Amino acid sequence: MGVRAGYKQTDIGIVPSDWDVGPLGKRATFRTGPFGSALHKSDYTNNGIPIVNPMHIVDGRIAPTQSMTISEQAATKLADFRMASGDIVMGRRGDMGRCAVVRESEAGWLCGTGSMIVRPLNVNPDFLQRVLSSQRAVTAIKDSSVGTTMVNLNQSTLARLQVQFPPVAEQAAIAEALSDVDALLSGLDRLIAKKRDLKQAAIQQLLTGQTRLPGFHGEWEVKQLGQLGEFIKGSGIRKDEAASGDLAAVRYGEIYTIHHNVVRECRSRISKEVASTAIRLKEGDLLFAGSGETKAEIGKCAAFTDAIEAYAGGDIIILRTNGVCPFFMGYLCNQPAVQRSKASKGQGDAVVHINAAALGSIEVAVPSLAEQTAIAQVLSDMDAELAVLEARREKTRQLKQGMMQELLTGRTRLV
């Protein structure tokens, strides 16, 4: 297949004809962070000059910690390693692609031992940061970097890296477009964090009775979990059987990692043969993890609220409820006071276990079924709102990835 008009074939693929492609060393200078011996214990101080190591480069931004700062006197001695506005600081150990543009407020901070300063020459730094964090550049760096167990980027490797250079105006336009998407993602992150905080506050207030929904005034009744239904032990479903078929299943480890308060989607899928040795779930079951690594988390709970055919594996203790709202109970059984009760009944050290008898003796305060259902509806509505926002954020993230691929290769032109 030929190259379409206005484009050319290069070492990094097809790019617009008016883009330059060449080694980064012709468009930037480099400075590796100082040797660790250049800094001494006495140089470190509180509220001093931040040192930027790879761990401080997060999502294209610098996130320093006050636990790693040095005195102005020490920083002055290491003036060659202090960063200037418009530099790019790049991690050179471990995960490649960690890099961020140094802003005016960060000028004068120190490039750490595990980082490198890239100083662009007549290149838009925001554009170059996008290129250096792109999958193509990361792959090229890994393929040519030294180190087998941990990639260790050096100046010569980065200097040889082939990079695309659009006209300066187009570099700025690309950087601005991607920055706009980042701002949208940041806005969604803040909104999601706010909604999560509101939900957590609602859980704390509503599930303890500190705040009552309109129309509910009666006393809550203290009951043992064993009074709310019948306990059943799950069985079967090994890890290597979790993808053996099409039938939905829940494994005990997934209660810790995937199913929080409520089983929203079954990730494991088992065959009919495996299902024949497992316990079939019923809508309204409460699932407790019967074993775990710590007493603090033992017996984590998730409510099964769907009417689909699904099965529970071994080390899951099922409470087949009667006369309660399972959605409400899923949240209630993970509340701090209840969790402390479960922790006090956990047995073992390296692996902690809890049994049905111990779970059955745990006391919880529950309102009327009507109030349980009303509280569950509030939390469900909050869950739904969060799900919409998280889906929007994921869609925006995918849009950004697509934009980067289009804009950084010149398939889509902005100027």
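Modeller: What follows is a short tour of sheets, a helix contact, nonpolar cores and cysteines.

Modeller: This is a predicted model, in which local features need pLDDT of at least 70 and side-chain atom pairs count only at pLDDT 80 or more, whereas totals for chains, interfaces and linings use all residues. Residues are numbered from 1 along each chain as its sequence is written, and side-chain values use heavy atoms, with hydrogens and water left out.

Biologist: In what order do the strands of the open sheet that contains S4 and S10 run?

Modeller: Helices (H or I, at least four residues) and strands (E, at least two) are DSSP runs, numbered from the N terminus, and two strands pair if DSSP finds at least two bridges between them. Here 4 strands form an open sheet in the order S4-S12-S9-S10, with antiparallel pairing. Strand S4 (28-32) and strand S10 (99-101) are the edge strands, each pairing on one side only. Neighbouring strands of this sheet are turned by 20° against each other on average, direction ignored; axes here are lines fitted to C-alpha atoms, for helices over the stretch in contact, and angles run from 0 to 180 degrees between N-to-C directions.

Biologist: Where does Gly36 lie?

Modeller: Gly36 lies in the loop between S4 and strand S5 (44-52), and is partly exposed, with a relative accessible area of 44%. Its C-alpha atom is separated by 9.1 Å from that of Gly114, which is 78 residues apart from Gly36 along the chain.

Biologist: Which strands does helix H2 lie across, and is Arg130 buried or exposed?

Modeller: Helix H2 (residues 125-132) lies across strand S9 (88-91), S10 and S12, running at about 170° to S10. Arg130 has its place in this helix and counts as buried, at 9% relative accessibility. A polar contact is a pair of N or O atoms within 3.5 Å, where within protein one must be able to donate a hydrogen and the other to accept it, and residues adjacent in sequence count only if both atoms are side-chain atoms; the side chain of Arg130 makes one with the side chain of Asp182 (2.6 Å). Contact in the wider sense means heavy atoms within 4.5 Å, and, leaving aside neighbours within four places in sequence, the contacts of Arg130 include Ala175, Leu178, Lys400 and Met404.

Biologist: Which residues touch the most other members of the largest nonpolar core?

Modeller: In soluble globular proteins, nonpolar side chains tend to be buried together. A nonpolar core is a set of buried Ala, Val, Leu, Ile, Met, Phe, Trp, Tyr and Cys residues joined through side-chain atoms within 4.5 Å. Of the 51 residues in the largest one, Leu207, Leu225, Phe288, Phe328 and Met329 touch the most other members. Helix H8 (residues 326-332) gives the most to this core, with 5 residues.

Biologist: How many disulfides does a search of the whole structure find?

Modeller: A disulfide is a pair of cysteine sulfur atoms within 2.5 Å, and the search finds 0. The sulfur of Cys325 is 12 Å from the closest cysteine sulfur, in Cys333, which is too far for a bond.

Notes
Buried < 20%, exposed > 50% of the residue type's maximum accessible area, 1.4 Å probe, protein only.
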